[in-house]
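Colleague: I would like to learn how to read a model like this one. Please take me through it feature by feature.

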Amino acid sequence: MLVNASGSLLLGILTGLSIYHGLGSHMLAVIGVGLCGGYTTWSTASWETVHLVHTGHRRDAVIYTVGGLVVCLAAAAAGIGLMAAT
C-alpha cells in the first residue's frame, strides 16, 4: 500500500505540474505511465484481492480494496493540492 500511495502522490504532483505549471501533456503521459506505472504495484494489489476472495475472506478483500483506493486517491489529491499551492 505504501508503494501505491507514494506512486499516487507522485502522479498527483505530476498532474498538478501539468495543470498549474505548464508541464506538457506528453511529458505527463510518459512520466506518469512509464515511471508511476512501473513503480506502483496495482497488479499485485489486484492479485491479493482475488486471493482473499478465493480463500473466503470477502470482507477483508472489500476493506483492502476500498481502503487502498481511498488512501491512493487522497495521496493523488494531496499531490495536486501541493502543486496548486506553489
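**Reading the helices and what they cover**

Modeller: Start with T40, which sits in the loop between α2 and α3. Helices here are DSSP runs of H or I with at least four residues, strands are E runs of at least two, and both are numbered from the N terminus. This is a predicted model: local features need pLDDT of at least 70, side-chain atom pairs count only at pLDDT 80 or more, and totals for chains, interfaces and linings use all residues. Residues are numbered from 1 along each chain as its sequence is written, and side-chain values use heavy atoms, with hydrogens and water left out.

Colleague: Which residues does T40 touch?

Modeller: Contact means heavy atoms within 4.5 Å. Not counting residues up to four places away in sequence, T40 touches V3, N4 and G7. T40 and A5 are 35 residues apart in sequence, yet 8.3 Å apart in space, C-alpha to C-alpha.

Colleague: N4 is on that list. What does N4 touch in turn?

Modeller: N4 belongs to helix α1. With 5% relative accessibility, N4 counts as buried. Leaving aside neighbours within four places in sequence, N4 contacts T40, T41, W42, A45 and C72.

Colleague: How do I tell which residues on a helix point the same way?

Modeller: An α-helix has 3.6 residues a turn, so residues three or four places apart point the same way. Now take S8, also in helix α1. S8 is buried, at 10% relative accessible area. Beyond neighbours within four places in sequence, S8 meets W42, C72, A75 and A76.

Colleague: What describes a pair of packed helices?

Modeller: Two numbers do: the angle between their axes and the distance between the axes. The axes are lines fitted to C-alpha atoms, for helices over the stretch in contact, and angles run from 0 to 180 degrees between N-to-C directions. Helix α1 (residues 2–21) and helix α2 (residues 25–39) pack at about 175 degrees, with axes 9 Å apart. That makes α1 roughly antiparallel to α2. Under 35 degrees counts as roughly parallel, over 145 as roughly antiparallel, 65 to 115 as roughly perpendicular, and the rest as oblique.

Colleague: Which residues in α1 and α2 meet?

Modeller: From α1 come V3, S6, G7, L10, L11, L14, T15 and S18; from α2 come L28, I31, G32, L35, C36 and Y39. By class, this contact has nine nonpolar, five polar and no charged residues. Nonpolar covers Ala, Val, Leu, Ile, Met, Phe, Trp, Tyr, Cys and Pro; charged covers Asp, Glu, Lys and Arg; the others, Gly among them, are polar. The buried residues of α2 are L28, G32 and C36. They pack against α1.

Colleague: How is the length of a helix checked?

Modeller: Compare the end-to-end distance with the expected span, 1.5 Å times one less than the number of residues. Helix α2 has 15 residues and reaches 20 Å from its first C-alpha to its last, close to the 21 Å expected. Helix α3 (residues 42–54) has 13 residues; it should span 18 Å, and its end C-alpha atoms are 18 Å apart, which agrees.

Colleague: What comes after α3?

Modeller: G56 follows α3, and its phi is positive, near 85 degrees.

Colleague: Which residues of α4 are buried?

Modeller: They are A61, G68, C72, A75, G79 and M83. Their cover includes α1 and α3.

Colleague: Where does M1 lie?

Modeller: M1 is in the segment before α1. At 45% relative accessibility, M1 is partly exposed. Leaving aside neighbours within four places in sequence, M1 contacts Y64, G67, G68 and V71.

Colleague: Now the whole chain. How many helices and strands are there?

Modeller: Four helices and zero strands. Buried residues make up 22% of the 86 residues. Among contacts between residues at least 6 apart in sequence, 72% join residues at least 24 apart.

Definitions and conventions: Buried < 20%, exposed > 50% of the residue type's maximum accessible area, 1.4 Å probe, protein only.
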